[in-house]
Amino acid sequence: MGYASKSPWVIHYDASSCNGCDIEVLAALCPGYDVERFGIINTGNPKHADIFLVTGSVNERNISVVKQIYDQMVEPKVVVACGICACTGGIFHDCYNVIGGVDKAIPVDVYAPGCAVRPEAIIDAVVQALGILEEKSKALAEKKKGA
Amino acid sequence: MSFITTLIGTVAFAVLAPIVGCLLAGLDRIISARMQGRVGPPLLQPYYDVRKLIAKDDVTVSGVDGVYMTAALVFTAFAGGIFFSGGNLLMSAFVITMAALFFIMAAYSSRSPYSELGAGRETLQVMSYEPMVLLMAVCFYMAAGSFNVRDVFGLPAPVIFATLPAFIGFLFILTIKLRKSPFDLSTSHHAHQELVRGTTTEMSGKTLAKVEVMHWCENVLFLGWTALFFLWGGPASLVLGVVVALAAWFFEILIDNNFARVKWQFMLRSAWVMALVCGGINIVVLMVA
Ligand code: SF4
């Protein structure tokens, strides 16, 4: 196992969630679940983050913000859509302002459905994301060697 | 002779301090987690973090922040080398301030409002702790009769008996120097009390890794200063020094976990009051005695 998956730092952005999923994301950091056991830290800064946790659907107002946070993150990086709103738009899918899931704005690597998404589901999704992060990290190392 | 000892000391410090500092940082995170009722990360987590940062893609806003951080690292190693090879305490204090200045310049160089805010606050931190550091060195000189660290081993008793007020003042500003809450104004290790990330907002990858390694080395050096107050006679007193340094480290973690960040006005005022009262009284007593 490489170092990329041993120290996954996350950034959490609330696109247009009802806050249900946000509470669950933060619950994962609390003593009950204590994701810092796996080196996971919630950074407030896209430049330090490896994993982008998005809750809620993408709408006309926040699509540019989601894109910008993604662009500011340094490779290798992965995106986890937390909650059914972030996956497909959920119960808000036919609102006049909602565009849809997060994948309408940026490439999503792991989908974690649920309304609200359970902390266990978030942890499972992040663990799955770590595998993808590891692959991307290897690909980057190859690229660096080649260059 | 003394130049060569300093050089050897610097190389030895540059190799050993990151190892010790990394373990201390890992302990810090485990102890902090236990204080919060959590299990916490593995002991080597800070090492994993830095290895990951080094493997990240190279992205920089200004192109020079990495160079500034390299300079900061070199000066940190030099300051540690001077101190641990038994050199001049005052010189070590000045050189480590140079490292702090390079760190501030690295933060300014990105032109990001958040990182400039952090750089401004880091400057305030330097302003806050520097008077007490100087007075601490002066008290040490008056008690030991020399600025040279190696001379403590010739003393009949540790300098702490003559410099207790100065030591208390130094413990106070140690929290600022270690960038621990409530004085972690420029950048915090705890995201929940941070606007974005202060000084390190625009740093990523290798540059951020250098910041982490610099913090490790700084921590080792400052704990060395703490231990200095308790050394005398022969090298056997080093055991007491290590115990005191670890106790100070635990004390700092306890404070870190129990206080929220204060405003810079309070930090500056309290640090200067501590410097004037503790340092001032100590100097007067030492002059009279
Ligand atoms: S999935 Fe449910 S809980 Fe989560 S943001 Fe959407 S509506 Fe709220």
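A salt bridge is counted here when a side-chain nitrogen of Lys or Arg lies within 4 Å of a carboxyl oxygen of Asp or Glu. The model is predicted, so that local features need pLDDT of at least 70 and side-chain atom pairs count only at pLDDT 80 or more, while totals for chains, interfaces and linings use all residues. Residues are numbered from 1 along each chain as its sequence is written, chains are lettered from A in the order in which they are written, and side-chain values use heavy atoms, with hydrogens and water left out.

**Exercise 1. Locate the salt bridge of A:K47 and place its two ends in the fold.**

Step 1. The side chain of A:K47 meets that of B:E202 in a salt bridge, with 2.4 Å from N to O.

Step 2. This pair crosses between chains: A:K47 belongs to the loop between β2 and β3 of chain A, and B:E202 to the loop between α6 (164–177) and α7 (205–228) of chain B. Helices (H or I, at least four residues) and strands (E, at least two) are DSSP runs, numbered from the N terminus.

Step 3. Over all chains, a search of the whole structure finds 13 salt bridges.

**Exercise 2. Describe the interface of chain A and chain B.**

Step 1. About 2400 Å² is buried between the two chains, 54% of it on carbon and sulfur atoms; buried area is the accessible area (1.4 Å probe) that two parts lose on being put together, summed over both.

Step 2. Chain A gives 27 residues to the contact and chain B gives 32 residues, where contact means heavy atoms within 4.5 Å.

Step 3. Six salt bridges are found across this interface, and the side chains of B:R38 and A:E36 also meet in a salt bridge, at 2.7 Å from N to O.

Step 4. On the side of chain A that touches chain B, β2 and α4 (119–146) are the elements that give two or more residues, and the residues of that side divide into 12 nonpolar, seven polar and eight charged. Here Ala, Val, Leu, Ile, Met, Phe, Trp, Tyr, Cys and Pro count as nonpolar, Asp, Glu, Lys and Arg as charged, and the others, Gly among them, as polar.

**Exercise 3. Derive the strand order of the sheet in chain A and say which helices pack on it.**

Step 1. The sheet is open and has five strands in the order β2-β1-β3-β5-β7, with parallel pairing; two strands pair if DSSP finds at least two bridges between them.

Step 2. Strands β2 (41–42) and β7 (110–112) of chain A are the edges, each pairing on one side only.

Step 3. Five bridges join β1 (residues 9–14) to β3 (residues 51–55) of chain A, and A:Y13 has A:V54 as its bridge partner in β3(A).

Step 4. Helix α1 (residues 20–27) of chain A packs on the sheet, touching β1, β2, β3 and β5 (78–82), and its direction makes about 145° with that of β3(A). Helix α2 (residues 63–72) of chain A touches β1, β3 and β5, and its direction makes about 170° with that of β1(A); axes are lines fitted to C-alpha atoms, for helices over the stretch in contact, and angles run from 0 to 180 degrees between N-to-C directions.
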